Amino acid sequence: MELKVPTMAQMAAEGKQPEILFWVGCAGSFDERAQKITRDICKILQHVGLSYAVLGTEESCTGDPAKRAGNEFLFQMQAMTNIQVLDGYHIKKIVTGCPHCFNTIRNEYPGLGGNYEVIHHSQLIQQLIDEGKLKAEGGESFKGKRITYHDPCYLGRGNNVYEAPRKALEILDTELVEMKRCKSNGLCCGAGGAQMFKEPEKGDKDINMERIDEVIAVNAQVVAAACPFCMTMLSDGVKNHNKDQEIKVLDIAEITVRANGL
Amino acid sequence: MIAQILFIVVLTAAVYLFSKNAGKIRRNILLGREVNRSDRRAERWLVMAKVALGQTKMTRRPVAALMHFFIYVGFIIINLEVLEIMIDGIFGSHRIFSKPLGSLYGLLIGGFEVLAVLVLVACVVFLARRNILRLKRFSGTEMTEWPRSDANYILVIEICLMAAFLTMNAADYKLQALHFGHYIKAGSFPVSSLIAPALSSNPGTLAVTERACWWFHIIGILAFLNYLPYSKHFHILLAFPNTWYSNLEPKGEFTNMASVTNEVKAMLDPSFAPESNGETARFGAKDVTDLTWKNLMEAYTCTECGRCTAVCPANITGKLLSPRKIMMDTRDRITEVGINLDKHGNDYNDGKTLLDDYITREELWACTTCNACVEACPVNINPLEIITEMRRYVVMEESQAPASLNNMFGNVENNGAPWKYSNADRFNWADGDGQ
């Protein structure tokens, strides 16, 4: 599929307004692994013919890592600047590729004047499946594969989104297995609260290694992720366990794209 | 008559002392910063009914949930019996409810006895879990001698109270059979009738036993009431208001600091004039009085069950952080602040703070803000909010964030991303190989 990614600036110049803004996020923009997921989300949007656009270079960090780390000044500076940009384009609806962006824009921007309908890409995929616009055909078969889903904290506990990502997996006719700690009891990957940007404090184990132990315990061949930071932590964990041949870490969007041969 | 006077004196003293100490806790809680938790009342009643009254969050650990349920129901229902004891004590009557309640009375007393046994069993199981099985959840750095003893005292006191209650009934049952004095036929004794054969058959001794147990039971309850303010057991009272005042927003949402909003607006728009309330509070929390009253109420509500710490990813992987310790430290410190206030007045500064003297920076920086502790708490306590407030102080007042986080802040500020990439490259992903 040849990817055409429209920006808000282009759209506005043509006098068009997209139905939905795709908020890519910093990881989705710069992290090599996450960039691929970003392109996959675009493929899905393009495939179903949903009119969308991205902010491109006009996008900036939501301020999430600053806020979790205690830098409320920086967070609010980022938030207010972003709200100006979003409101400037009269954005009403946003889909994000990251649970952290999702949580921040959805819950913390309204108090600063930014009111949008915000969904996470797993929710969009679920909606598209429900509407019959997305299926699991024409691509790689996941039939009978053991897949487990890792709940990102800011999607699961943070915002009670547990079913949408699972729905995207159920359509694959796979063997969906749950880890011991799942859903509201899910174990963090270790990246949240700005841990992604620092060395872990002194301890006897890294959190992602603890998580991969559970993946191994359920014998999963695929760990489905829905967050670019979880993706990094889980991939590193799998590598450190020398299991990268047996266990694949894939985002919900990647799995969807593969299953549909996009 | 002397017994009645003595009873009234003891009761009045116990209630007075408890009110005084509970009042101090109330005052300490109100030393916290203001936060509005009185909106959406209908929803709040529902949360309280579900979480505190219905104990819905206990069920994640079924054994503990069942045992706790016995003690909880026992506690609430046996209070009806305490009401009778109070009235009997004040008016010198004996089993005053037996006549007006008729056959229902027998059913009630019988029910109380069954509950008393269940409470006894649960307390013994709980003691065994703490002292023989030594469940990991009940250990940890913060579980020092006092918290461990506190837990054991509570269980032993409850066992003693229930034993006294059953022995009292057993003596009463025997005296009733002997048609002795004022011991009229009242109540049914499915459990104590089994203990009765072990007691003396001398009516005089039985009457002394019955009275001794009656006094021990009621004085025990009053003493226990006065132990509450010093104990983790205070949760039996505060669990209700604490859940009523729960945070009703999604857990992922952190508060936006209004004081910062004003400054940021002024920075972005020089013509902006903030509504000043004349207060220059510090950013974030260095000491307990920088926290909200709800944070402090939560500290007094915590019963140190350790469900938070058991699910904390940092703690599981051997880091210093334990959410339970955050709550216990907060309680210890606000108690200390309260004592200082009583002893030395308002202007006294003991030179100590929650940060550093109680909670170290290493603990604060180990948190992944994953909300597992918040989710796990059976009474909706939020240790994460305290951690965040303290991080805010360390970052915004002291500029003492770890160097790597300062780099991240710099990147966000300058490049709009937490990494050192140029904003101009932000859209390069679209030129990828499209695979």
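User: How many residue pairs are in polar contact across the interface of domain 1 of chain B and domain 2 of chain B?

Analyst: This is a predicted model, and both residues of a pair must be at pLDDT 80 or more. The domains run over 2-30 + 61-244 for domain 1 and 258-415 for domain 2. Across their interface the rule finds polar contacts in 15 residue pairs.

User: Which elements give two or more residues to the side of domain 1 of chain B that touches domain 2 of chain B, and which gives the largest share?

Analyst: Two or more residues come from helix 1 (2-29) and from helix 9 (235-244) of chain B. By class, that side of domain 1 has 13 nonpolar, seven polar and six charged residues. The largest share, six residues, comes from helix 9 of chain B.

User: Which side chains meet in a salt bridge at 2.7 Å between these two domains of chain B?

Analyst: The count between domain 1 of chain B and domain 2 of chain B is three salt bridges.

User: How much area do domain 1 of chain B and domain 2 of chain B bury between them?

Analyst: The centres of the two domains, over C-alpha atoms, are 39 Å apart. The contact takes 26 residues from domain 1 and 28 residues from domain 2 of chain B. Carbon and sulfur atoms hold 52% of the buried area. The total is about 2300 Å².

User: Which three residues of domain 1 of chain B supply more of that area than any other three?

Analyst: The share in question is 29% of what domain 1 of chain B buries against domain 2 of chain B. The three residues are Ile29(B), Glu142(B) and Asn242(B).

User: Turn to chain A. Where are its domains, and how far apart do their C-alpha centres lie?

Analyst: Domain 1 of chain A covers 8-126, and domain 2 covers 135-260. In contact are 27 residues of domain 1 and 27 residues of domain 2. The C-alpha centres lie 22 Å apart.

User: Which residues of domain 1 of chain A lose the most area to domain 2 of chain A?

Analyst: The two domains bury about 2200 Å² between them, 71% of it from carbon and sulfur atoms. Three residues together give 22% of what the domain 1 side buries. They are Arg33(A), Pro99(A) and His100(A).

User: What is the salt-bridge partner of Arg33(A)?

Analyst: The rule finds two salt bridges across the interface of domain 1 and domain 2 of chain A. One of them uses the side chain of Arg33(A), at 2.7 Å from N to O. The partner is Glu254(A).

User: Which helix supplies the largest share of the side of domain 1 of chain A that touches domain 2 of chain A?

Analyst: The rule finds eight residue pairs in polar contact across this interface. Helix 3 (32-48), helix 4 (64-68), helix 6 (99-108) and helix 7 (121-130) each supply at least two residues of the domain 1 side. The largest share is eight residues, from helix 3 of chain A.

User: Why is chain A as compact as a globular protein of its length?

Analyst: Chain A has 11 helices and eight strands. For 262 residues, the globule rule gives 18 Å. The radius of gyration of chain A is close to that, so the chain is as compact as a globular protein of that length, at 18 Å.

User: Now the chain pair. How much area is buried between chain B and chain A?

Analyst: The contact joins 63 residues of chain B to 72 residues of chain A. Carbon and sulfur atoms give 64% of the buried area. The area is about 5700 Å².

User: Which residue of chain B meets Glu59(A) in a salt bridge?

Analyst: Three salt bridges are counted between chain B and chain A. In one, Glu59(A) has its partner at 2.9 Å, N to O.

User: Which helix of chain B gives the most residues to the side that touches chain A?

Analyst: The rule finds 30 residue pairs in polar contact across the interface of chain B and chain A. Several helices give two or more residues to the chain B side, including helix 18 (383-397) and helix 19 (403-415). The most, seven residues, come from helix 10 of chain B.

Technical notes
Residues numbered from 1 in each chain as written. Chains lettered and ligands numbered in written order. Predicted model: local features only at pLDDT ≥ 70, side-chain atom pairs only at ≥ 80, totals over all residues. Heavy atoms only, no water. Domains from an automatic or database assignment. Contact = heavy atoms within 4.5 Å. Buried area = accessible area lost by both parts, 1.4 Å probe. Salt bridge = Lys/Arg side-chain N within 4 Å of Asp/Glu carboxyl O. Polar contact = N/O pair within 3.5 Å; in protein donor to acceptor, adjacent residues only side chain to side chain. Helix = DSSP H or I, 4+ residues; strand = E, 2+ residues; numbered from the N terminus. Rg over C-alpha atoms; globule rule 2.2 N^0.38 Å. Nonpolar A, V, L, I, M, F, W, Y, C, P; charged D, E, K, R; others polar.
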